[in-house]
Amino acid sequence: MKASQSFLDVHNQDVQVRPLVEADLAAVMELECQGHSHPWPKSTFLDCFKPNYRLWAAERGDELIGYAVVAYMVDEAHLLNICVSPRVRGQGVGRWLLRHLIAVAVSDGMEQLILEVRVSNDAATQLYLSEGFSEIGRRAGYYPDGAAREDALVMALRFT
């Protein structure tokens, strides 16, 4: 599916992006455990409700189907966590959420967005590449992977 078609599909499904609030944390934790092999604890999410963070919820109707956590550091936005419900993956929700947080970061005066992604996460890597990100480095052993560690690709999207 082309990126533009995916974007239109999700737009036609009435997916809304809004600020994430603490009352969303039960639904966030459920998605976090479904979507990540090593989920963040609730305390980590709670630590992100600070002025230099942007937390976003993607919902369809009353159902939380995705979220993103972004930290702002001077003029750089850092995507720390993004997750989409396994039930709706491949339907453009992640792209919609990513485009939203990019638009807000640009509006907030950020100069770039950086992120880490598991080297084995081809779907996410392809999404980021299709949205204009480029690989700028690697972090060896960044992610837990059972008894071992997995490298991360570091990717960036310059706004200026």
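**Packing, pairing and cysteines in a predicted model**

The buried residues of helix 5 pack against strand 4, helix 4, strand 5 and strand 7. Here contact means heavy atoms within 4.5 Å, and buried means under 20% relative accessible area, exposed over 50%, and partly exposed in between (1.4 Å probe, protein chains only). Helices (H or I, at least four residues) and strands (E, at least two) are DSSP runs, numbered from the N terminus. This is a predicted model, in which local features need pLDDT of at least 70 and side-chain atom pairs count only at pLDDT 80 or more, while totals for chains, interfaces and linings use all residues. Residues are numbered from 1 along each chain as its sequence is written, and side-chain values use heavy atoms, with hydrogens and water left out.

Back to helix 5: its buried residues are Ala124, Thr125, Leu127 and Tyr128. Looking down the helix axis, these residues fall within an arc of 160°, so they line one face of helix 5; the arc is that of the directions from the helix axis to the C-beta atoms. On the face turned away from the buried side sit the exposed residues Asp122 and Ala123. Just after helix 5, Gly132 takes a positive phi of about 100°.

Helix 2 (residues 25–35) can be read in the same terms. Its buried residues are Leu25, Val28, Met29, Leu31 and Glu32. They fall within an arc of 165° down the axis of helix 2, so they line one face of the helix. Ala26 and Glu30 are exposed on the face of helix 2 turned away from its buried side. The cover over the buried residues of helix 2 includes helix 3 (42–47), strand 3 and strand 4.

Next come the cores. A nonpolar core is a set of buried Ala, Val, Leu, Ile, Met, Phe, Trp, Tyr and Cys residues joined through side-chain atoms within 4.5 Å. The largest one has 32 residues, and those with the most contacts inside it are Leu79, Leu98, Leu101, Leu113, Tyr128 and Phe133. Elements giving two or more residues to this core include strand 1 (15–19), strand 2 (53–60), helix 4 (93–107), helix 5 (122–130) and strand 7 (148–158). Helix 4 supplies the largest share of this core, eight residues. Not counting residues up to four places away in sequence, Leu98 touches Leu79, Ile82, Leu113, Leu127, Tyr128, Glu131 and Phe133. There is also a second, separate core of 13 residues, which includes Leu25, Val28, Cys48 and Ala57.

On to the strands, where two strands pair if DSSP finds at least two bridges between them. Strand 4 is mostly covered, with seven of its nine residues buried. Strand 3 and strand 4 run antiparallel and are joined by eight bridges; within this pairing, Tyr67 has Cys83 in strand 4 as its bridge partner. Strand 4 and strand 5 run parallel, joined by four bridges, and Ala77 has Leu113 in strand 5 as its bridge partner. Strand 6 (residues 134–145) pairs with strand 7 in the antiparallel sense over eight bridges, and the bridge partner of Tyr143 in strand 7 is Glu150.

Val74 lies in the loop between strand 3 (63–73) and strand 4 (76–84). Most residues other than glycine have a negative phi. Val74, however, has a positive phi of about 55° although it is not a glycine, and at 81% relative accessibility it counts as exposed. The hairpin of strand 6 and strand 7 has two residues between the strands, and there Gly146 takes a positive phi near 65°.

Gln112 belongs to strand 5 (residues 112–118). Gln112 is buried, with a relative accessible area of 16%. Its side chain makes a polar contact with the side chain of Glu76 (2.6 Å). A polar contact is a pair of N or O atoms within 3.5 Å; within protein, one must be able to donate a hydrogen and the other to accept it, and residues adjacent in sequence count only if both atoms are side-chain atoms. Leaving aside residues up to four places away in sequence, Gln112 touches Asp75, Glu76, Ala77, Ala156, Leu157, Arg158 and Phe159.

Finally, the cysteines. A search of the whole structure finds zero disulfides, a disulfide being a pair of cysteine sulfur atoms within 2.5 Å. For Cys33, the closest cysteine sulfur is in Cys83, 9.5 Å away and too far for a bond. For Cys48, the closest cysteine sulfur is in Cys83, at 14 Å, again too far for a bond. Cys48 counts as buried, at 5% relative accessibility.
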